[in-house]
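Hello,

I am handing this structure over to you. Please look through it first, and then read the notes below it.

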Amino acid sequence: MSKKIKVGVIGCGRIANHAHLPSYKNNPDAEIVYVCDLIEEKAIKASNEYGGKAITDYKIILNDPEIDAISICTPNYCHASITFEALRAGKNVLCEKPAARTLDEAIEMQKVKNETGKILNIGVVNRFNDAVNKIKELVSQGELGNIHHVYMSFRSHRNIPGIGGDFTNKTVAGGGVLIDWGVHYLDLVMYVCGDPKAKTVSSEMFTVLGKNINDYVYTGMWAEDTAKFGGDGVCDVEESITGLIRTDGPVISFNGAWAQNIGEEDTFIDFMGDKAGIRLKYGGNFTLYSTKNNMLTKTTFEYKTGNMFQNEIDAYIKAIQENNDKLPSSINVNILTQEIMEAIYKSATEHKEVTL
Ligand SMILES: NC(=O)c1ccc[n+]([C@@H]2O[C@H](COP(=O)([O-])OP(=O)(O)OC[C@H]3O[C@@H](n4cnc5c(N)ncnc54)[C@H](O)[C@@H]3O)[C@@H](O)[C@H]2O)c1
C-alpha cells in the first residue's frame with residue numbers, strides 16, 4: 001500500500017476552498033494536516049469544513065517533519081518566497097498560478113527546485129483538463145494539419161477582481177488580466193502546440209475603466225468587495241490587453257479584458273489549421289471544423305470528463321508517492337510562459353515590438 005501523503009495548505013481563500021481543499025479531501029491517499037491563513041477565521045472555517053489544524057503561521061507547517069506536500073494558495077507576491085522556504089525545508093510544492101510576479105522570481109524558483117530535488121508544480125490546471133488533452137491528441141495526430149494561427153479571447157464585461165485589493169496592485173500581483181487570466185490561456189496554447197519558441201511580441205494594454213476606483217461601475221464582484229478598500233486601494237495594473245506573438249510555430253494573437261464596455265463574455269481559444277480548426281470554450285467543450293471528404297463538417301464530441309482540479313491534485317499526490325518529477329505542470333514549462341508574459345508587458349510599456 002502507498003504511503004498516505006500529509007498536506008499543509010497555505011492560504012484559505014477562494015482557490016483553496018474551491019479546488020485544493022475539496023480535492024485533497026476526496027483523495028484517499030492524502031491527509032490535510034494543516035490549514036493556514038493570516039486571517040484566523042478563514043483558517044478555522046477551512047478546518048471545520050475540510051479538517052486539519054487551523055494555524056496562522058505557515059512556518060509551523062515547514063517545521064513539521066511529517067508534512068510531505070504543500071499547496072500555496074496565497075496572493076502572487078509571496079508565491080516565490082514561500083516556495084523557496086518550503087523547498088529548502090524539504091517539502092514538495094504545488095504553487096498556484098502565476099508561478100511568480102516576474103521571470104526572475106520564476107527562474108529562482110526553478111533553481112531552488114533543482115538544488116533541493118523536490119517537486120515544484122504550478123497550478124496550470126488546464127493541463128489536467130480532459131478536453132484540452134483531447135485537443136492535444138487531435139493536434140499531434142495531425143487532424144488539424146499545420147496550425148498557422150491561434151487566437152485567444154479572455155474578455156468579460158465587468159470582472160475586475162476586488163478592485164483596489166491584491167489582484168489590482170502591481171506590487172502584489174505583478175500584473176492584471178494577462179498574468180491572472182491570460183497565463184492560463186497562454187499556457188494551454190503552449191501545451192497543445194508543443195511549446196513553440198516565441199520570436200517577437202507586440203502588445204498594448206489599458207487601464208481605463210478601473211483607473212478611478214470609486215467611479216468603476218459594476219453589478220457584482222467575484223473577489224473581495226471594492227467598498228472594503230474605499231478610495232485607498234490601488235489599481236495600477238492593466239484591465240485589458242491586446243497583442244500578437246510570433247513563434248516558430250503558429251502566430252498567437254489575443255484580446256483580454258477583465259472589464260470593457262462590451263457586454264458580452266468571450267472566453268475561447270481558436271486553433272486554426274490548414275486541414276481543420278478547433279474552437280475551445282474555455283473551461284468547457286470544443287468543436288472541430290473540417291473539410292474532410294470535401295465537406296464542411298462541424299463535429300462536437302461527447303465523452304466523460306473529470307474535474308480538472310481533482311485531476312491536478314491526484315496527479316500531484318501520486319507524483320510524490322512515486323517520487324516522479326515529470327508532471328506536465330512542472331515549473332520548467334512555466335518559465336516559457338513567464339518569459340512571454342514579461343515580453344508582452346515590456347512591449348506594451350515601451351509601445352514597440354520586443355524580440356525574445
Ligand atoms: N488555478 C486557478 O484557476 C486559480 C483561480 C483563482 C485564483 N488562483 C490563484 O490563487 C492565488 C490565490 O487566489 P484567491 O482567489 O484564492 O485569493 P484570495 O484572496 O481569495 O485568497 C488568498 C488567501 O491567502 C491568504 N494569505 C495571504 N498571505 C498569506 C500568508 N503569508 N500566509 C497565509 N495566508 C496568506 C489571504 O488572507 C487570503 O485568505 C492567486 O495566486 C491566484 O492567481 C488560481
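First, how to read the model. This is a predicted model, in which local features need pLDDT of at least 70 and side-chain atom pairs count only at pLDDT 80 or more, while totals for chains, interfaces and linings use all residues. Residues are numbered from 1 along each chain as its sequence is written.

**Domains**

The protein is divided into domain 1 (5–126 + 309–329) and domain 2 (127–307 + 338–355); the bounds come from an automatic or database domain assignment. Between the C-alpha centres of domain 1 and domain 2 there are 25 Å. Domain 1 gives 21 residues to the contact and domain 2 gives 20 residues. Two residues are in contact if their C-beta atoms, placed from the backbone, lie within 7 Å.

Which elements give two or more residues to the side of domain 1 that touches domain 2? They are α5 and α9 (308–322). Helices (H or I, at least four residues) and strands (E, at least two) are DSSP runs, numbered from the N terminus. The largest share of that side of domain 1, 5 residues, comes from α9. By class, the side of domain 1 that touches domain 2 has 12 nonpolar, 6 polar and 3 charged residues. Here Ala, Val, Leu, Ile, Met, Phe, Trp, Tyr, Cys and Pro count as nonpolar, Asp, Glu, Lys and Arg as charged, and the others, Gly among them, as polar.

**The ligand shell**

There are 24 residues around the ligand, and G11, G13, R14, I15 and E96 come nearest. A residue is near a molecule if its C-beta atom, placed from the backbone, lies within 6 Å of it. Helix α1 (residues 14–26) supplies the largest share of the shell, 3 residues. Sorted by class, the shell has 12 nonpolar, 5 polar and 7 charged residues.

**Helix α5**

Helix α5 (residues 103–116) has 14 residues, so at 1.5 Å a residue α5 should span 20 Å; its end C-alpha atoms are 20 Å apart, which agrees. The expected span is 1.5 Å times one less than the number of residues.

Buried residues in α5 are E105, A106, M109, Q110 and K113. They cover an arc of only 140 degrees around the axis, which puts them on the same side of α5. The arc is that of the directions from the helix axis to the C-beta atoms. A residue is buried if 20 or more other C-beta atoms lie within 10 Å of its own, exposed if 12 or fewer, and partly exposed in between, with C-beta atoms placed from the backbone. D104 and E115, on the other side of α5, are exposed. The cover over the buried residues of α5 includes α4 (79–88), β6 (120–122) and α10 (331–350). Just after α5 comes G117, with a positive phi of about 70 degrees.

**Helix α2**

In helix α2 (residues 40–50), the buried residues are A43, A46 and S47. Their arc around the axis is only 100 degrees, which puts them on the same side of α2. E41 and N48 are exposed on the other side of α2. Among what covers the buried residues of α2 are α1, β2 (30–36) and β3 (53–55). G51 follows α2 and has a positive phi, near 90 degrees.

**Single residues**

Where is F84 placed? F84 is in helix α4, and F84 counts as partly exposed because 19 C-beta neighbours lie inside 10 Å. F84 and V35 are 49 residues apart in sequence and 19 Å apart in space, C-alpha to C-alpha.

N212 sits in the loop between β8 (198–206) and β9 (240–247). With 10 other C-beta atoms within 10 Å, N212 is exposed.

K97 and P98 are joined by a cis peptide bond, with omega about -10 degrees. P98 is in the loop between β5 (92–95) and α5.

N293 is a residue other than glycine with a positive phi, near 55 degrees. N293 is in the loop between β13 (286–290) and β14 (297–300), and N293 counts as exposed because it has 6 C-beta neighbours inside 10 Å.

N323 is not a glycine either, and has a positive phi of about 50 degrees. The loop between α9 and α10 holds N323, which counts as exposed with 9 C-beta neighbours inside 10 Å.

Regards
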